[in-house]
Amino acid sequence: MKKRVFVITGATGTGKTTVSDYLRDYYHMPKVITHTTRPPRKGEMNGVDYYFEDAASFEQNHYLEEVEYSGYRYGSSHEGLDAGFEKNPYITIVLDTKGAITYAQELGDEAVIVFLTVSEDEALIDRMTKRGDDTLMLQQRVDSPEYRRDLTLPKALQDVAHVIVNDDLETTKVKIDALVSEIIATD
Ligand SMILES: Nc1ncnc2c1ncn2[C@@H]1O[C@H](COP(=O)(O)OP(=O)(O)OP(=O)(O)O)[C@@H](O)[C@H]1O
Ligand SMILES: Nc1nc2c(ncn2[C@@H]2O[C@H](COP(=O)(O)O)[C@@H](O)[C@H]2O)c(=O)[nH]1
C-alpha cells in the first residue's frame with residue numbers, strides 16, 4: 001500500500017482539527033502532532049494537541065517545514081511523520097496553507113491535500129468564539145495576514161487540492177469518506 005499523508009488545510013475555524021480527528025478516529029490514521037510556541041488553549045494538552053515549546057526548545061527539532069502564524073511559530077518534524085508512518089501507511093496532519101504548499105512540493109502525490117472552506121467567513125468568528133478562544137488572541141488572529149491569506153485557496157494548490165465546503169459536518173464526513181475510498185482504490 002502506498003504511503004499517504006492527508007494534509008488538512010484552510011483558515012482558522014474551518015474545521016481542520018475536527019476533520020483530522022475524524023480521519024484518526026474513523027480510519028485509524030495516526031495524527032502527526034506538530035510543534036508550536038503558542039500558549040495552550042483551555043483544554044489543550046501537551047503531546048496530544050501540540051508539543052508546546054518555548055523559543056529555545058522549538059529550535060531543537062528537525063523540521064520538514066516551519067512557519068510563523070499570527071505571531072507564533074509552528075513546525076512539523078521529520079520524526080513526527082516517521083513515527084506516524086511506522087504505525088500506518090495513511091496518516092493525517094493539520095497545516096496552514098503555506099505548510100500545505102511545502103508538503104505538496106516536497107512529497108508530491110504522497111500528500112493528499114484537503115482545503116476546507118465555508119460559505120460565509122463570518123461563521124468562522126462564531127465558531128472560534130464558541131470554541132472558547134481567548135478574545136484578545138482571537139482578535140489578533142483575525143487581524144493577522146495569515147488568517148486572511150488562508151481564507152482563499154492558494155494558486156499553488158489549485159491543481160492538487162480537494163476543496164470541501166465545511167458548512168455542515170455530516171456532509172463533510174460523507175465527502176471525506178468518498179475521498180478516502182477514491183485514494184484507497186488507486187493504491
Ligand atoms: N461544519 C461545522 N459546523 C459548525 N461547527 C463546526 C463545523 N466543523 C467544525 N466545527 C466547530 O468549529 C470549531 C473550530 O473547528 P476546528 O477547531 O476543527 O477548526 P480548525 O480549522 O482546526 O481551527 P484552528 O486552525 O484555529 O485550529 C470547533 O469548535 C468545531 O467543533
Ligand atoms: N505550516 C504549519 N502549520 C501548522 C502547524 N501546526 C499547526 N499549523 C497551523 O497553524 C495555524 C494556527 O494553528 P492554531 O492551532 O493556533 O489555531 C492553523 O492553520 C494550523 O493548521 C505546522 O507544524 N506547520
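Two strands count as paired here if DSSP finds at least two bridges between them. Helices (H or I, at least four residues) and strands (E, at least two) are DSSP runs, numbered from the N terminus.

**Ground rules.** I'm working with a predicted model, where local features need pLDDT of at least 70 and side-chain atom pairs count only at pLDDT 80 or more, while totals for chains, interfaces and linings use all residues. I count residues from 1 along each chain as its sequence is written, with chains lettered from A and ligands numbered from 1 in the order in which they are written.

Entry 1: I started with strand 4 (63-69) and strand 5 (72-77). They pair in the antiparallel sense over six bridges, and I found E65 bridged to S76 in strand 5. Two residues sit between the strands of this hairpin, and S70 takes a positive phi near 50°. Next I looked at strand 2 (residues 35-36), which runs antiparallel to strand 5 and is joined to it by two bridges. On strand 5, H35 has G75 as its bridge partner, and T36 has Y74.

Entry 2: I then went through another open sheet of four strands, ordered 6-1-7-8 and paired in parallel. Strand 6 (90-94) and strand 8 (162-165) are at the edges with a single partner strand each, so each has one side left without a neighbour in the sheet. On average, neighbouring strands here are turned by 25° against each other, direction ignored. (Angles run from 0 to 180 degrees between N-to-C directions, and axes are lines fitted to C-alpha atoms, for helices over the stretch in contact.) I checked strand 7 (residues 111-117) too: four bridges join it to strand 8. One bridge to note is F115 with V163 in strand 8.

**Entry 3: around ligand 1.** Which residues come nearest to ligand 1? I listed G15, K16, T17, T18 and R127, out of 16 around it. (A residue is near a molecule or strand if its C-beta atom, placed from the backbone, lies within 6 Å of it.) Helix 1 (16-27), helix 5 (122-131) and helix 8 (169-186) each give at least two residues to this shell. By class I get two nonpolar, eight polar and six charged. (Ala, Val, Leu, Ile, Met, Phe, Trp, Tyr, Cys and Pro are nonpolar, Asp, Glu, Lys and Arg charged, and the others, Gly among them, polar.)

Helix 1 and helix 8 also pack together, at about 55° with their axes 11 Å apart. That makes helix 1 oblique to helix 8. (Under 35 degrees is roughly parallel, over 145 roughly antiparallel, 65 to 115 roughly perpendicular, and the rest oblique.)

**Entry 4: around ligand 2.** I found 15 residues around ligand 2, with T34, Y74, S76, D96 and G99 the closest. Strand 4, strand 5 and helix 4 (97-107) each supply at least two of the shell residues.

**Entry 5: the record.** An unreviewed UniProt entry lists residues 3-181 as "domain: Guanylate kinase-like". (Positions are in the numbering used here, feature names are shortened, and annotations may be inferred rather than shown by experiment.) Over that range I get 41% helix and 22% strand, with the end C-alpha atoms 15 Å apart.
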